[in-house]
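Here is a set of questions and answers for reading a protein structure step by step. Please keep the sequence and the structure in view as you go through them.

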Amino acid sequence: MQDFWRNSGFHLLEHDHLGRLSITDDFLRAYLVRPEIRPVEESGPNEIALHEALLEDPRRDPAAPALETIEDADARDNYRVLLAFLGKLKRAASLESCYLEIFSGADVAVPPLFIDQLAQIILRNVLDGVDDPLEARAAELFYREQKASVDDGQIMLADLETVEMHASGGAYGSLGRLIVEAQLPTRAVNLDVLDSDNAATYWERDQRHDLVISLNHGRAALAALCRVIERWVRHFLAVEVRVTPLRQIEDRRWAWHVGLDTQSTGVLNDLWQGEEIEAGRLSRLLALFKLDFADPADMRQDVAGRPVYMALGMDEGGAVRMKPQNLLLNLPVGAAS
């Protein structure tokens, strides 16, 4: 059994009888030692006192006047955001229920960074005991933005932050940044492609985010992404589904679809309504999927037994920003489920 994503915070949590993640004091304390919150040399005595009190009892709810006495305005704002988020965690029955509650209203008031962290930790729970490293790499799409490269029919995904770091020269230290600033050419960056034959490499580099995967039809990484989607749905919704890649949608009785990101949602909506789609928008769809419920009784009656079509796309700049919450909010799950 592989232990991966060790810095995620997963090991600070406990499991309840349903296999969900219970929030512990140590998990809450981990947010208090983040760089944005941890006092610095210039911090005032009121800020330091509040921080020490929270470390001692992370479940306490400081009164509003205590926040207003923090000397630095930026620190006050950081504490307001963090304490509002910690409040959601403390009230939640599990980390999973907290994640769902974030999307229960019209406005999402939690910073994307915190949402992505929750998704990673939940995925670490979902994948606990899984021995396929390609599933772990594919799961990174749920919480880390990717950069898509489409060349000669090859669809490759690399970690966006890693790509941007190389582009800025940050991967080469101060000298690399100076070269970029001087607009001098840098050496080409070649990231390794993860596939079935070298998949075990991931366990050694699981937190480096420097492995590329292919989303081409028939490639192992695309199949792995399907398995992760199935596990994610099963964990949250307690229904069994089967996800398979598609080359195209050919269904005159198309009844339901879910976009896995903003771009694909718009395209699928327009296709379903029979609207003309500009070629450039269609070309930005990277993958199509069909999701089938194992038991049609788990679905809404009006679409029971019908497949759900899904898509993943990129924006005009090639960025892929998956929204895994769409799988939880938009599938046609019946009321009994």
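Contact means that heavy atoms lie within 4.5 Å. This is a predicted model, in which local features need pLDDT of at least 70 and side-chain atom pairs count only at pLDDT 80 or more, while totals for chains, interfaces and linings use all residues. Residues are numbered from 1 along each chain as its sequence is written, and side-chain values use heavy atoms, with hydrogens and water left out.

Q: How many helices and strands are there in the protein?
A: Helices (H or I, at least four residues) and strands (E, at least two) are DSSP runs, numbered from the N terminus. Counted in this way, the protein has 14 helices and 11 strands.

Q: What radius of gyration does the protein have, beside that of a compact globule with 337 residues?
A: The radius of gyration is taken over C-alpha atoms, and the globule rule is 2.2 Å times the number of residues to the power 0.38. For 337 residues the rule gives a value near 20 Å, and the protein agrees with it, having 22 Å.

Q: What percentage of the 337 residues count as buried?
A: Buried means under 20% relative accessible area, exposed means over 50%, and partly exposed lies in between (1.4 Å probe, protein chains only). By this cut-off, the buried share of the 337 residues is 47%.

Q: Which residue in β10 stands opposite Gly-259?
A: Strands β8 and β10 (residues 308-313) run parallel and are joined by four bridges. Opposite Gly-259, the residue in β10 is Ala-311.

Q: With which residues is Ala-287 in contact, leaving aside its neighbours within four places in sequence?
A: Ala-287 lies in strand β9 and counts as buried, at 8% relative accessibility. In sequence Ala-287 is 25 residues from Leu-312, yet their C-alpha atoms are 5.3 Å apart in space. With those sequence neighbours left aside, its contacts are Leu-222, Met-310, Ala-311 and Leu-312.

Q: Is the aromatic pair of Phe-27 and Tyr-31 edge-to-face or stacked?
A: Rings of Phe, Tyr and Trp (its six-membered ring) pair if their centres lie within 6.5 Å, and planes under 30 degrees apart count as stacked, over 60 as edge-to-face and the rest as tilted. Phe-27 and Tyr-31 lie four residues apart in helix α1 (residues 25-32), about one turn of the helix, and both are buried. Their rings are 5.5 Å apart, centre to centre, with 85 degrees between the planes, which makes the pair edge-to-face.

Q: How many residues apart in sequence are the parts that the pair of Tyr-99 and Phe-236 ties together?
A: Tyr-99 and Phe-236 form a tilted aromatic pair, 5.8 Å centre to centre and with 40 degrees between the planes. Tyr-99 is buried, with a relative accessible area of 1%, and Phe-236 is buried at 7%. Because Tyr-99 lies in helix α5 (residues 95-102) and Phe-236 in helix α11, the parts that the pair ties together are apart in sequence by 137 residues.

Q: Is His-209 buried or exposed?
A: His-209 lies in the loop between α10 (201-204) and β6 (211-214), and has a positive phi of about 55 degrees although it is not a glycine. With a relative accessible area of 15%, His-209 is buried.

Note on methods: Two strands pair if DSSP finds at least two bridges between them.
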